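Thanks, everyone. Please look at the sequence and the model first.

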Amino acid sequence: MAHDYTTQQGDTADLIALDHFGRTRGATEAILRANPGLAAAGTVLPEGLPVVIPTVAPEPAQPVIRLWGTTS
């Protein structure tokens, strides 16, 4: 479920994504899509700016590739 956030001093779109979702890939883009014009506010967002934090699906699990066999 989407929720509202008010920017703090020094916030950037990718920092908000990292703080809320633990990642930036896909989450930063979702925040920018949910907030038309946010990118025009600058790299460092002004303090007190309302931002909608959208719902973002978790990243799919990445398979583990082992180059060498395990030792027992």
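Thr 28 has a relative accessibility of 14%, so Thr 28 counts as buried; buried means under 20% relative accessible area, exposed over 50% and partly exposed in between, with a 1.4 Å probe and protein chains only. This is a predicted model, in which local features need pLDDT of at least 70 and side-chain atom pairs count only at pLDDT 80 or more, while totals for chains, interfaces and linings use all residues. Residues are numbered from 1 along each chain as its sequence is written, and side-chain values use heavy atoms, with hydrogens and water left out.

Thr 28 belongs to helix α2, residues 27–34. Helices (H or I, at least four residues) and strands (E, at least two) are DSSP runs, numbered from the N terminus. Apart from neighbours within four places in sequence, Thr 28 contacts Ala 13, Asp 14 and Ala 17, where contact means heavy atoms within 4.5 Å.

Now the helix pair. Helix α1, residues 13–21, packs with α2 at an angle of about 115 degrees, and their axes are 8 Å apart. Axes are lines fitted to C-alpha atoms, for helices over the stretch in contact, and angles run from 0 to 180 degrees between N-to-C directions. The two helices, α1 and α2, are therefore roughly perpendicular to each other; that label covers 65 to 115 degrees, with under 35 roughly parallel, over 145 roughly antiparallel and the rest oblique.

From α1, Ala 13, Asp 14, Ile 16, Ala 17 and Phe 21 meet Ala 27, Thr 28, Ile 31 and Leu 32 of α2.

Which residues of α2 are buried? They are Ala 27, Thr 28, Ala 30 and Ile 31. Down the axis of α2, the buried residues fall within an arc of 160 degrees, so they line one face of the helix; the arc is that of the directions from the helix axis to the C-beta atoms. Their cover includes α1 and β2.

In α1, the buried residues are Ala 13, Ile 16 and Ala 17. These cover an arc of only 100 degrees around the axis, which puts them on the same side of α1. What covers them includes β1 (3–6), α2 and β2. After α1 comes Gly 22, with a positive phi near 75 degrees.

Last, Val 56, in the segment after β2 (50–53). Val 56 counts as buried because its relative accessibility is 19%. Not counting residues up to four places away in sequence, Val 56 touches Phe 21, Arg 23, Ala 27 and Ala 30.
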